[in-house]
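Dear colleague,

Please find the structure below, with the sequence alongside. Some notes on what was found in it follow.

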Amino acid sequence: MKLRRWQSEAISQAYSQYSSGINHFMCLATPGAGKTIMAALLAKRLFDAGMIDMVMCFSPAIVVANDFQKELEAQTGKRLGGQLGDDGCSLTYQAMISLDTSFWQILENHRVFVIFDEIHHCAAMEEGNSNSWGETIYRYISGKSAYSLALTGTPWRSDNIPIVLADYCRESGRVHCDYRYGLGQAITDNVCREPSIIAIDNSSIQV
């Protein structure tokens, strides 16, 4: 598979960080850039290197979770149906909060690579100051997964609660991302098109 330059760079940088002992990586890539394939191939590299036993993926919608499962299975050759004997799962954040403590014991007993898609949906600064998804990550996953990957195309929130697992720059207050691939770069690379908004003034339009 021929990767886009940014995908190759992000995979190499994340793998290098993991190998050096830093177990979390945050990647900003504009919507439509190809984050799913990048994450799946990073998981494959970790499996191939013998660095992980399992992979878990969490995302904000069932259609995205299903797409992630298919791509992860295609690239890694592993089964990720979440059943006994499988090598992981791909779930929504909504499903994550219904899992009991026995499920999270997996992180204590195995080397698990956890992928968070659109991590900005999950907010937590400390226990008790979070939304339910961020609270679950803060309580059960933070500091317990072997490696984690946070993906986002929009690294900000409209409330005042920080994104879970994110580091913020003291001077600017913005999220520190380990790798950035913005919309401008994606347009230059012909990965994404420049947005075009057309205002329509037509009194006969009915809704």
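Among contacts (heavy atoms within 4.5 Å) in the chain between residues at least 6 apart in sequence, 74% join residues at least 24 apart. This is a predicted model, in which local features need pLDDT of at least 70 and side-chain atom pairs count only at pLDDT 80 or more, while totals for chains, interfaces and linings use all residues. Residues are numbered from 1 along each chain as its sequence is written, and side-chain values use heavy atoms, with hydrogens and water left out.

The chain holds eight helices and 10 strands; these are DSSP runs, numbered from the N terminus, with helices (H or I) of at least four residues and strands (E) of at least two. Along its principal axes the C-alpha trace spans about 60 × 45 × 40 Å. Of the 207 residues, 43% count as buried, where buried means under 20% relative accessible area, exposed over 50%, and partly exposed in between (1.4 Å probe, protein chains only).

Most residues other than glycine have a negative phi. Glu118, however, has a positive phi near 50 degrees; Glu118 sits in the loop between strands E4 (112–116) and E5 (124–126) and is buried, because its relative accessibility is 18%. Leu165 has a positive phi near 70 degrees. Leu165 lies in the loop between strands E7 (147–152) and E8 (167–168) and is partly exposed at 23%.

Ser8, in helix H1 (residues 5–19), is partly exposed at 31% relative accessibility. Its C-alpha atom is 7.7 Å from that of Met38, 30 residues apart along the chain.

Regards
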